[in-house]
Amino acid sequence: MPDEDDSGDAPKGFEYAAEKVRSFPQTSGVYLMKDTADRVIYVGKAKSLRSRAGSYFLKAAAEDQRTASWIGEIADIDFIECDSEVDALLMESRLIKDIQPKNNKDLKDDKSFPYLMITTRDEFPRVEVTREPKERGVKLYGPFPSAGALRGAIQVLQRIFKFRTCNLDITESDEKWQWFRPCLLHSIHQCTAPCNFRISKEEYRRDIKRLQTFMEGGKKRLLQEMNNEMMTASKSLDFERAAVLRDEIKMLDRLEERGELEANAQPEVFYIDPKKGLAGLRKVLGLAETPRVIEGMDIAHLGGDETVASMVQFIDGLPFKPGYRRFRIQDVDGIDDFRSMYEVVSRRFRRLSDEGESFPDILLIDGGKGQLNAAMAAFRDQDITPPTVISLAKREEEIFRPGESESIKLSRNSYALRLLQYVRDESHRFAQHYHHILRSKSTFDR
């Protein structure tokens with residue numbers, strides 16, 4: 001935190017703070033609003049301290065119902081620089097918990113705010129975001145002001161510490177896990193797959209301990225420990241371990257390059273309960289296990305004969321943006337939704353099959369029986385065993401299944417239907433950004 005301004009005898013007040021914020025750096029950090037008694041009345045985080053803190057001194061802040069009642073109390077402002085937006089998010093949470101500023105009052109007691117929870121009693125602890133934290137057998141961090149920012153931070157940290165976020169009850173003594181197929185998070189190097197014993201209990205817990213050290217503000221100490229371990233591994237000729245540590249250290253050092261947390265986060269779902277939606281789908285579709293991964297596909301026509309397919313990916317009922325794909329339709333002349341769906345399903349699942357990657361638990365096709373039949377024909381002609389495939393028709397929101405003439409009609413208030421609608425609507429929204437993709441054609445899938 002910078003030293004107090006002793007440049008003169010100018011009285012502190014709103015104008016003083018407004019002028020002071022102009023000298024703030026354009027870096028990540030936490031800002032602290034103070035009143036005339038030098039008490040901290042509000043704490044916030046920022047990717048750019050000057051821009052974010054400065055916004056409180058604009059006319060719009062005085063008219064915003066969230067800030068209008070208290071910004072007139074601001075008499076001074078200070079800041080703490082952080083290495084990245086993730087560090088700022090964690091610093092903000094710790095300061096709010098310690099200081100309890102009156103204008104962050106909602107976060108002090110309200111259990112509806114999100115926490116990061118680590119299940120310490122599990123043999124292979126898992127990490128999750130929860131609004132209903134347990135009191136025993138867990139390590140809690142938070143509460144956090146923004147669920148979206150927290151989910152974005154977890155997604156960034158998972159690339160470094162590779163912890164699991166599933167609900168599997170994994171025990172080292174149960175041999176069945178030796179034959180369990182890891183989910184796609186392992187394929188994209190965001191989980192070490194304890195579900196298949198790809199990592200030992202001791203090694204996995206070491207990674208969780210590192211995550212906890214980072215969450216508790218020990219980033220510098222953690223980096224030093226990891227550097228020492230990397231040197232030891234190298235001297236012992238364990239070059240594979242040394243390389244893993246080198247990459248993890250590099251990612252920790254470059255957290256500030258990860259971009260805005262909210263932009264890359266899995267959006268918060270307010271109108272459905274993801275867990276209830278997935279449990280409902282298991283029951284409705286007669287699945288042996290609760291599904292974790294859903295992929296949704298949609299066909300869109302954008303300008304003349306241009307046709308594009310979008311694919312979105314949901315994990316545990318929430319969008320997983322790194323898994324999104326767009327496909328430019330190549331082998332169909334004119335507008336033909338059925339043949340376009342056939343092509344994109346063929347291309348997507350042939351690639352997954354050839355590369356030995358995991359299939360989604362559910363493939364949701366946007367449309368009726370025609371689109372569903374086209375998708376199933378693609379699996380048949382590629383000689384690929386399909387996952388659970390369904391389609392959702394917009395007009396009556398009917399669910400169709402292969403080989404069944406009668407549709408499934410769920411209540412409009414059904415959690416399962418709402419989740420499917422969310423996947424379908426997200427795939428449609430994603431398709432509409434086609435013109436952005438044209439500016440970067442290399443992002444089209446093979």
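Guide: Among contacts in the chain with a separation of 6 or more, 64% join residues 24 or more positions apart. The model is predicted.

Visitor: What makes a residue of this chain count as buried, and what percentage of the 446 residues are buried?
Guide: A residue is called buried because its relative accessible area is under 20%. Of the 446 residues, 52% are buried.

Visitor: Why is the set with L116, F161 and F163 called a nonpolar core?
Guide: It is called that because its members are buried residues of kinds such as Leu and Phe, joined through side-chain atoms within 4.5 Å. This core has 39 residues, and L116, F161 and F163 touch the most other members. Elements that give two or more residues to this core include helix 4 (85-99), strand 4 (115-118) and helix 8 (201-215). Helix 6 provides the largest share, 8 residues.

Visitor: Which residues is F161 in contact with, beyond its neighbours within four places in sequence?
Guide: They are D207, R210, L211, F214, L222 and L252. These count as contacts because heavy atoms lie within 4.5 Å.

Visitor: Why are strand 2 and strand 3 called edge strands?
Guide: In the open sheet of 3 strands, the order is 2-1-3. Strand 2 (40-46) and strand 3 (76-81) each pair on one side only. On average, neighbouring strands of this sheet are turned by 20° against each other, direction ignored.

Visitor: What packs on the sheet?
Guide: Helix 4 does, touching strand 1, strand 2 and strand 3; its direction makes about 165° with that of strand 2.

Visitor: Where does the predictor's confidence fall under 50?
Guide: The pLDDT is under 50 over residues 1-9, which have 12 contacts beyond four places in sequence. It is also below 50 over residues 263-271, a stretch with 26 contacts beyond near neighbours in sequence. The chain averages 82.

Notes:
Residues are numbered from 1 along each chain as its sequence is written. This is a predicted model: local features need pLDDT of at least 70, side-chain atom pairs count only at pLDDT 80 or more; totals for chains, interfaces and linings use all residues. Side-chain values use heavy atoms; hydrogens and water are left out. Buried means under 20% relative accessible area, exposed over 50%, partly exposed in between (1.4 Å probe, protein chains only). Helices (H or I, at least four residues) and strands (E, at least two) are DSSP runs, numbered from the N terminus. pLDDT is the predictor's confidence in each residue, from 0 to 100. Two strands pair if DSSP finds at least two bridges between them. Axes are lines fitted to C-alpha atoms, for helices over the stretch in contact, and angles run from 0 to 180 degrees between N-to-C directions.
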